[in-house]
Amino acid sequence: ILYALSPIPLQVDGLFIIGWMYLPPHDPHVDDPMRFKPLFRIHLMERKCATVECMYGHKGPHNGHIQIVKKDEFSTKCNQTDHHRMSGGRQEEFRTWLREEWGRTLEDIFHEHMQELILMKFIYTSQYDNCLTYRRIYLPPSSPDDLIKPGLFKGTYGSHGLEIVMLSFHGKKAKGTKITGDPNIPAGQQTVEIDLAHPLQLPDVENLRDFSELSRIVLEVQEQLRREEQEQEHRQEEEEAASQPAAKPLGGEGAEGEETAAGAEGTTQDKAPASQPFVLPMGVISRNEDYPRTCRICFYGTGLIAGHGFTSPERTPGVFVLFDDDRFGFIWLELKSFSLYSRIKVSFQNAEAPSREAFDEMLKNIQSLAT
């Protein structure tokens, strides 16, 4: 069973129920396997009695509490938070956290802005070592028409390190939802959105190295979409003025959207080569220089950016790059930054959504919580 907002699979092991926290590998190695550590343990005893132990910290299991809030939601509380503290104080705790979470020491980080972001993330994380609330998340349902199999991916987010993103398909749109977040964009927000009806024809490798050329291609599609939206609004206004009954859309992002997406995707893939050379334009920053040098297809997309504390959020244009069945990338045009994503190949049991409607409802719920 998978719970959010960090992936917390619950596993029954003998007479224990253990909640594991799954963590991404150390930045920027997105292809490395996930790391995991226990967060809490429920010892099942006779006569419907159970004891709860908090596993957080470095001093071994200690007394905790668990409460069922409502269906698919529960909270845990540590009753002995002194077990989370270290003799060297906050400085030792920060250095230990940095070594375990980032695989490096403070002396390894020379960039002042990155030091600031990491310290901010540590402060945010430390606030929640006493009481945590978990809500069930579902893995996205799949369809034969999907570009690739949907699921969970590890992605690079600049100085924020690696984060976990859920890729799901919704007709002519694909969405990347953050399962783990950072001080700028919290978990639950839609980090990227891909327009599957608008594939991009990238220039040859030599011209692709020119950032202005890529920017021109992307902004042309953005302007085309703006005109299409204006025309659609104008048509709707004319229909309303003529008092004509509006034709009911077949699901919006459902049946009609799926047909459009499948048609656009199929046509594009038929014309496009199985793979084409790919290189990042000059000036685009990538945490991982070991990205694939060939790709299958690219689409126009938007990425969500914001200031600290999720202030002034806005969607900005970008390029979705599909490398293979397990890896994709996103070029953030405004940030001149590149994120590389690699599939999480852990098998989570009992995490499938009972229906498409249940999955869509879950996405709305976690986004509303983050907002």
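I123 has its place in helix 2, where helices (H or I, at least four residues) and strands (E, at least two) are DSSP runs numbered from the N terminus. The model is predicted, so local features need pLDDT of at least 70 and side-chain atom pairs count only at pLDDT 80 or more, while totals for chains, interfaces and linings use all residues. Residues are numbered from 1 along each chain as its sequence is written, and side-chain values use heavy atoms, with hydrogens and water left out.

**Helix 2**

Helix 2 covers residues 112-126, 15 residues in total, and reaches 21 Å from its first C-alpha to its last, close to the 21 Å expected at 1.5 Å a residue; the expected span is 1.5 Å times one less than the number of residues. Its buried residues are M114, L117, I118, M120, K121, F122 and S126. Buried means under 20% relative accessible area, exposed over 50%, and partly exposed in between (1.4 Å probe, protein chains only). These buried residues pack against helix 1 (89-102), with contact meaning heavy atoms within 4.5 Å.

I123 forms a nonpolar surface patch with L119 and Y124, and the accessible area of the three together is about 260 Å². Accessible areas come from the Shrake-Rupley method with a 1.4 Å probe, and for residues only the protein chains shown count as cover.

**Accessibility of three residues**

| Residue | Relative accessibility | Class |
|---|---|---|
| I123 | 41% | partly exposed |
| T302 | 15% | buried |
| R209 | 35% | partly exposed |

T302 is found in strand 16 (residues 297-307). Beyond its neighbours within four places in sequence, T302 is in contact with T191, V192, E193, R315, T316, P317, G318 and F330. The side chains of T302 and R315 are joined by a polar contact of 3.0 Å.

R209 lies in the loop between helix 3 (205-208) and helix 4 (211-241). Not counting residues up to four places away in sequence, R209 touches V279, P281 and M282.

**Whole chain**

The protein chain has six helices and 19 strands. Of its 371 residues, 46% are buried.

Definitions and conventions
A polar contact is a pair of N or O atoms within 3.5 Å; within protein, one must be able to donate a hydrogen and the other to accept it, and residues adjacent in sequence count only if both atoms are side-chain atoms. Patches are made of residues with over 30% relative accessible area and no salt bridge: like charges are joined within 9 Å, nonpolar side chains (Val, Leu, Ile, Met, Phe, Trp, Tyr) within 5 Å. A salt bridge is a side-chain nitrogen of Lys or Arg within 4 Å of a carboxyl oxygen of Asp or Glu.
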